[in-house]
Amino acid sequence: MGLLDAIKRAREQKSLAAAGPLQSSKNVPTPDPVGGEAQRAAEEEAHISGALSVEELNKILDSIQDIPTLPSIANKVIQVINDPQSNSKAIADIIKNDPALTARLLKIGNSAYYAGYSPCTNVQNAITRMGLLQIKRLVFSISILGAFDKYAAAGFDIKDFWKHSIAVAYNTRTIGKLARFRDTEELYTAGLLHDLGMLIIIKYMPEMFDAIMKKREAAPGLSFYDCERSDYPISHCEIGSWLSVRWQMSREIQSVIYNHHQPPISSTLFEKDIIMFSAIVYLADRFSSKIDAGFLNDHDSEIDRQIYNYVFSTPMPEEELIAQLMKNKPVIEATAASL
Ligand SMILES: [Fe+2]
Ligand SMILES: [Fe+2]
């Protein structure tokens, strides 16, 4: 039995047991943000009868045997990123042991974006040219991408997927700064990983992916997310969030992956900081399409003004925001082209 069938069957059984009508999967409670009590309260609030709880979904997803692990190099980079004492030697030592990674970094270092410098021939050159922060971001992005580079499906261009992910990562960081949110590199990681669940759907639920792509062929205005919500008991949000838990990512990142299409700005169950993460990534996701880095029509619907105003507590004209995000375009293009 495939993964999707297992989820459907568990949901049907639960629905029968509750002897109530099937609920929309929108009612699946969010991952426990502040402890078991909060989750239980959320479940009661939602009057769940047919929807599966996070634990029930996780139990089924845990049956995946060959799930990609977080690349060890990405793990090391996270440690270096989180260490304020980190320096260029520490990161160069990590990179030098990986020839494929080194080659990619040099390719970016010699791209048009960094034109005007002498050729970049070694890791130390690349670090000097791009700066430590940029190198850390690239190492993290490239190593995560490497874990999924064989994930292919008809109608899905993995290069477009990564371009979108990189765009959302840079734009998340910029929106965070403009909103005067706390200065954290974790925003970049959250943006980069927000759609990770899509790759799991491609690999482990290909029948769901194919059906959604066919539906979108007939109705191109429909987004991938709309199709998930209308036809399936699970979406890339729950699946990606499950993977982020397996990878022991932070609560902020788990919550972003779960909530990036519907940031819970009115919820009292989440801390403001956690909600801001999701709301900022929501805006970065939407506005990335405006600078030509959208993906699978997930951004065609209108931007929720309440979320916009939640993120920008002082007025921020949309044109000004777009002008700021456009400044990220060259580095997004250069990075995406070199992957
Ligand atoms: Fe998404
Ligand atoms: Fe997205």
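# Exercises on a predicted helical chain

The buried residues of helix α14 pack against α3, α10 (186–193), α11 (196–204), α13 (224–231) and α15 (251–259). The model is predicted, so that local features need pLDDT of at least 70 and side-chain atom pairs count only at pLDDT 80 or more, while totals for chains, interfaces and linings use all residues. Residues are numbered from 1 along each chain as its sequence is written, and chains are lettered from A and ligands numbered from 1 in the order in which they are written.

**Exercise 1.** Determine which residues of α14 are buried.

*Solution.* Begin with the elements: helices (H or I, at least four residues) and strands (E, at least two) are DSSP runs numbered from the N terminus, and the chain has 19 helices and zero strands. Next, apply the burial criterion, by which a residue is buried if 20 or more other C-beta atoms, placed from the backbone, lie within 10 Å of its own, exposed if 12 or fewer, and partly exposed in between. For α14, residues 236–246, nine of the eleven residues are buried, namely H236, C237, E238, I239, G240, S241, W242, L243 and S244. Just after this helix, Q248 takes a positive phi of about 55°.

**Exercise 2.** Classify I64 and R286 as buried, partly exposed or exposed, and place each in the chain.

*Solution.* I64 lies in the loop between α3 (54–61) and α4 (72–82), and because 16 other C-beta atoms are within 10 Å, I64 is partly exposed. Contacts (C-beta atoms, placed from the backbone, within 7 Å) link I64 to L3 and Y204, not counting residues up to four places away in sequence. L3 is 61 residues from I64 in sequence, with 8.0 Å between their C-alpha atoms. R286, by contrast, is in helix α16 and is buried because 23 other C-beta atoms lie within 10 Å. The C-alpha atoms of R286 and H261, 25 residues apart along the chain, are separated by 9.4 Å.

**Exercise 3.** Identify the members of the largest nonpolar core that touch the most other members.

*Solution.* A nonpolar core is a set of buried Ala, Val, Leu, Ile, Met, Phe, Trp, Tyr and Cys residues joined through C-beta atoms within 7 Å. The largest such core holds 88 residues, of which V77, V139 and I280 touch the most other members. Helix α16 (residues 272–290) gives the most to this core, with eleven residues. Residues up to four places away in sequence aside, V77 touches I94, K136, V139, F140 and S143.

Conventions
Two residues are in contact if their C-beta atoms, placed from the backbone, lie within 7 Å.
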